[in-house]
Amino acid sequence: MDLGLKDKVIIVTGGAKGIGEAISKLVAAEGAIAVVVGRGAADNDKAVAAIKSAGGKAFAIQAELGEVADCRRVIDTTVKEFGTIHALINNAGVNDGVGLEKGDPERFMASLQKNLSHYYNLAHYALPYLKANKGSIVNIGSKVATTGQGNTSGYAASKGAINALTREWAVELVPYSVRVNTVIPAEVWTPLYETWINSLPNPKEKLASIVSKIPLEQRMTTSEEIAAMTVFLLAPQSAHTTGQIIYVDGGYTHLDRSIS
Ligand code: NAP
């Protein structure tokens, strides 16, 4: 199936690692230009080099997305380099463990800055270009917005807001045929996931317990499976899909617990 993404300019935040890396690789494999944005310059360069060595097109932008000025620079740099933007994948985030009891107001606000604000800021600055191209936004959320997790108020609040903004932006952007959707992962082995599981007591036992409860095949979702849904949502085949919150999680969030 041709996803019609050849030479499209697609920004992928957190595009050098984990789920974002899989998305960057897949958009490039589809012939698009992957604009890899992340805080680690060396990580970005490595991801871009890997895409280029596989014959794809990619470009790195170092940015700390918690900073508004960096968000603006990401959009300005992309437009200076490529003239336009066809799609924005808001993916960068961190499950940073700012709990109700163990956190504090300053860390809570900092968590919103790291997990939520840049989704808005980038969409805001990219909007003129997305409008011009009838482009698309895909946000990467988390099942935490639906289930809670405990001890992660900032992350949960951000991910809940991202679901709300998906509907809000989808409505606001209907007149421009700009589509907005969200993909929800639950359990995906990435550098972020490894750090999180290792922060818990008995991580090996905890991991085995989680995996045993994933209904479909008792296995974690792969980053490539999240990427496949994300990229399909950008394609003309998804031209009438907007405002949707799509769970790619082996049924972990919603299916009857008695089946696993
Ligand atoms: P990851 O392995 O940590 O990769 C995320 C990348 O984004 C890293 O390169 C990270 O840089 C970068 N990044 C994060 N915050 C940034 C910021 N403020 N500014 C610039 N760069 C930033 O994470 P992942 O597991 O692939 O997660 C990707 C998305 O999926 C996140 O939104 C996460 O909430 C969501 N998600 C993941 C899972 C899962 O099971 N993995 C489950 C539910 C939701 P550093 O490495 O320097 O931090």
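Tutor: Let us start with Lys134, which sits in the loop between α4 (105-133) and β5, and keep in mind throughout that this is a predicted model.

Student: Where does Asp7 lie, and why is Asp7 called partly exposed?

Tutor: Asp7 belongs to the segment before β1 (9-13). Buried means under 20% and exposed over 50%, with partly exposed in between; the relative accessible area of Asp7 is 38%, and therefore Asp7 is partly exposed.

Student: Let us turn to Asn139. How do you know whether Asn139 is buried or exposed?

Tutor: Asn139 lies in strand β5 (residues 136-140), and its relative accessible area is 1%. The cut-off for buried is under 20%, so Asn139 is buried.

Student: Which side chains make polar contacts with the side chain of Asn139?

Tutor: A polar contact requires a pair of N or O atoms within 3.5 Å. The side chains of Asn139 and Asn90 are joined by a polar contact of 3.1 Å, and the side chain of Asn139 also makes a polar contact with the side chain of Thr166, at 3.3 Å. Leaving out residues up to four places away in sequence, the residues that Asn139 touches include Tyr119, Ile162, Trp169 and Val183.

Student: How is Ala170 classed, as buried or exposed, and which residues is Ala170 in contact with?

Tutor: Ala170 is found in helix α6, and its relative accessible area of 5% falls under the 20% cut-off, so Ala170 is buried. Apart from neighbours within four places in sequence, Ala170 is in contact with Leu165, Val180, Thr242 and Gly243. Of these, Thr242 is 72 residues from Ala170 along the chain, while their C-alpha atoms are separated by 6.1 Å.

Student: And why is Ala29 placed in its class, buried or exposed?

Tutor: Ala29 is found in helix α1; its relative accessibility is 64%, and since exposed means over 50%, Ala29 counts as exposed.

Student: Now the ligand. How do you know which protein atoms are within polar-contact distance of the ligand?

Tutor: The distances can be set against the limit of 3.5 Å for N or O atoms. An N or O atom in the side chain of Tyr155 is 2.5 Å from an oxygen atom of the ligand, a backbone N or O atom of Ile19 lies 2.9 Å from a ligand oxygen atom, and a polar side-chain atom of Lys159 lies 2.8 Å from an oxygen atom of the ligand. The protein covers 91% of the 890 Å² of accessible area that the ligand has on its own.

Student: How many residues surround the ligand, and how do they divide?

Tutor: The ligand is surrounded by 27 residues, the closest being Lys17, Arg39, Asn91, Tyr155 and Thr190. They divide into 13 nonpolar, nine polar and five charged residues. The largest share of this shell, three residues, comes from α7.

Student: Why is the ligand said to lie between domain 1 and domain 2?

Tutor: The domain assignment gives domain 1 (9-186 + 222-247) and domain 2 (187-220). Both domains give residues to the shell around the ligand, and so the ligand lies between them. The C-alpha centres of domain 1 and domain 2 are 23 Å apart, and the contact takes 14 residues from domain 1 and 10 residues from domain 2.

Terms used: Residues are numbered from 1 along each chain as its sequence is written. This is a predicted model: local features need pLDDT of at least 70, side-chain atom pairs count only at pLDDT 80 or more; totals for chains, interfaces and linings use all residues. Side-chain values use heavy atoms; hydrogens and water are left out. A residue is near a molecule or strand if one of its heavy atoms lies within 4 Å of it. A polar contact is a pair of N or O atoms within 3.5 Å; within protein, one must be able to donate a hydrogen and the other to accept it, and residues adjacent in sequence count only if both atoms are side-chain atoms. Accessible areas come from the Shrake-Rupley method with a 1.4 Å probe; for residues, only the protein chains shown count as cover. Helices (H or I, at least four residues) and strands (E, at least two) are DSSP runs, numbered from the N terminus. Ala, Val, Leu, Ile, Met, Phe, Trp, Tyr, Cys and Pro count as nonpolar, Asp, Glu, Lys and Arg as charged, and the others, Gly among them, as polar. Domain bounds come from an automatic or database domain assignment. Contact means heavy atoms within 4.5 Å. Buried means under 20% relative accessible area, exposed over 50%, partly exposed in between (1.4 Å probe, protein chains only).
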